[in-house]
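Please read each point with the structure open beside it.

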Amino acid sequence: MPWNPEESLSRQELTKLQSERLQKVCERVYFRVPFYKKKFDEKGLKPSDIKGVQDIGRLPFTKKVDLRDNYPYGLLAEPLEDIVRIHASSGTTGKPTVVAYTQNDIGTWAEVMARTLAAGGTTKDDIVQNAYGYGLFTGGLGAHYGAERVGASVIPISGGNTQKQIMLLQDFGSTVICSTPSFALYIYDVACEMKINLDTIKLRVGLFGAEPWTEEMRREIEERLRIKAIDIYGLSEIIGPGVSSECIEAQSGLHINEDHFYPEIINPATGEQLPYGREGELVITSMSREAMPLIRYRTGDMTSLNPETCACGRTLVRMRRVLGRADDMLIIRGVNVFPSQVESVLLRSEEVAPHYVIEVNRRGRLDEVNVNVEVTPKFMEEMATKVLSTDLKTFVQEEEELVRLKHEIQKNVKDIIGVNIEVTLKPPNTIQRSEGKARRVIDNRPK
Ligand SMILES: [Zn+2]
């Protein structure tokens with residue numbers, strides 16, 4: 001059952017509502033955000049030129065780089081005194097992308113996440129174990145507010161702590177889990193190692209997002225954990241989780257909360273709008289946000305839209321599961337990682353050269369990252385001098401030197417980017433050079 005009647009409006013009613021909200025948000029950003037006033041003026045566009053959603057193609061795009069350029073507060077449409085929450089996600093330069101919320105925005109977020117929870121079959125009778133990370137990342141608090149709005153009992157355990165997750169699943173009788181799909185499978189693996197009888201776990205549904213996953217992975221999760229696995233989608237720039245969600249009835253595409261987030265599909269190369277059914281880059285206009293509305297935000301996610309009415313009764317358009325991104329960004333265990341971020345961390349160590357390849361593998365259930373990086377010729381020479389010594393003690397120290405460097409880089413990556421990686425040091429000139437765009441990433445994960 002839809003949580004809100006706005007999820008089942010006729011197309012005509014929905015278009016009217018969207019058009020009103022779009023006009024309002026154009027006024028809001030034009031008169032309150034200098035960045036947008038400039039963008040509109042460059043196109044010779046006034047907010048009053050936008051009569052409805054049919055005119056959305058005339059509006060300028062917003063890109064991730066615009067958020068970075070206006071870091072931290074340049075895109076706010078409300079004074080800081082009216083901001084009640086600030087979240088952030090990792091960016092390419094080490095500076096995070098900042099998103100802000102007014103009290104009403106937090107209300108909107110709770111509402112769209114309540115829809116997500118309800119679409120997954122959650123009711124006030126459920127016990128929701130929220131294993132999304134709490135903190136600057138929007139996953140934890142987004143799911144938390146939505147589950148509370150539905151009236152469920154929320155366990156704010158956050159991510160990690162696998163054995164404790166299993167203990168609470170058993171003892172608290174959790175019926176719904178919110179986490180990344182890979183973490184759910186990891187919990188299962190650990191439960192097996194602990195020889196836990198799955199009959200002692202009442203879990204019924206999992207709401208999984210924050211990283212791309214496949215139908216094969218869904219089947220695996222559903223069979224092993226004996227639950228329904230629901231795909232949910234969002235991004236912090238727009239609101240966090242709550243942009244779209246599958247329904248438990250159909251599990252076939254994610255209903256976009258179109259009354260708040262106007263979706264378009266474009267050709268990422270040309271910016272041209274594409275019709276329903278065609279695959280392209282998802283672009284979203286957050287029409288009802290107060291603190292930081294974004295006009296035609298380019299998500300970088302590749303998908304297509306399906307307008308057919310769903311078995312669940314929702315009329316909201318459905319987006320196909322997101323499997324790839326338009327740019328090079330990697331999502332490792334739910335953390336966004338850009339190759340350039342890894343590069344900037346590598347180059348903090350003077351002993352390594354800017355020649356590297358990032359290898360991503362799926363070992364068991366978890367993504368593992370191995371960074372192959374060359375040491376500098378100078379470092380190599382110093383090592384060689386030591387190797388020439390016949391003294392065994394010196395040779396061991398030389399080994400220790402390699403281990404020290406490897407650990408230093410691994411620690412830096414963990415501290416700065418927030419993911420655990422493995423580093424393999426290579427001699428100079430052993431990593432293949434490229435004359436064009438360097439192939440920095442080898443992604444061996446199943447597509
Ligand atoms: Zn549906």
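**Notes on the predicted model**

1. The axes of helix 1 (residues 11-32) and helix 2 (residues 34-42) come within 5 Å and cross at roughly 105 degrees, where axes are lines fitted to C-alpha atoms, for helices over the stretch in contact, and angles run from 0 to 180 degrees between N-to-C directions. Cys-26, Val-29, Tyr-30 and Arg-32 of helix 1 make the contact with Pro-34, Tyr-36, Lys-37, Phe-40 and Asp-41 of helix 2, contact meaning heavy atoms within 4.5 Å. By class, this contact has 6 nonpolar, no polar and 3 charged residues (Ala, Val, Leu, Ile, Met, Phe, Trp, Tyr, Cys and Pro count as nonpolar, Asp, Glu, Lys and Arg as charged, and the others, Gly among them, as polar).

2. A word on the basis of these notes: this is a predicted model, in which local features need pLDDT of at least 70 and side-chain atom pairs count only at pLDDT 80 or more, while totals for chains, interfaces and linings use all residues. Residues are numbered from 1 along each chain as its sequence is written, and side-chain values use heavy atoms, with hydrogens and water left out. Helices (H or I, at least four residues) and strands (E, at least two) are DSSP runs, numbered from the N terminus.

3. Helix 6 (residues 162-171) and helix 7 (residues 181-193) have axes that come within 10 Å and cross at roughly 80 degrees, and the two helices are therefore roughly perpendicular to each other. On the helix 6 side the contact involves Thr-162, Gln-163, Gln-165, Ile-166 and Leu-169, and on the helix 7 side Phe-183, Tyr-186, Ile-187, Val-190 and Ala-191. These residues divide into 7 nonpolar, 3 polar and no charged.

4. Which residues coordinate the zinc ion? They are Cys-247 (SG), His-255 (NE2), Cys-310 (SG) and Cys-312 (SG), at 2.1 to 2.3 Å; donors are N, O and S atoms within 2.8 Å of the metal (3.2 Å for Na, K and Ca), and water is not among the atoms, so sites may look incomplete. With angles of 100 to 117 degrees among its 4 donor atoms, the site is tetrahedral (four donors count as tetrahedral if all angles lie between 85 and 135 degrees). Cys-247 lies in the loop between strand 8 (240-245) and strand 9 (254-256), and Cys-312 in the loop between strand 14 (305-306) and strand 15 (318-319), so the pair ties together parts that are 65 residues apart in sequence. Cys-247 is buried, with a relative accessible area of 1%, and Cys-312 also counts as buried at 9% (buried means under 20% relative accessible area, exposed over 50%, partly exposed in between, with a 1.4 Å probe and protein chains only).

Key:
Four donors count as tetrahedral if all angles lie between 85 and 135 degrees; four count as square planar and six as octahedral if opposite donors are over 155 degrees apart and all others between 65 and 115; anything else is irregular. Angles under 35 degrees count as roughly parallel, over 145 as roughly antiparallel, 65 to 115 as roughly perpendicular and the rest as oblique.
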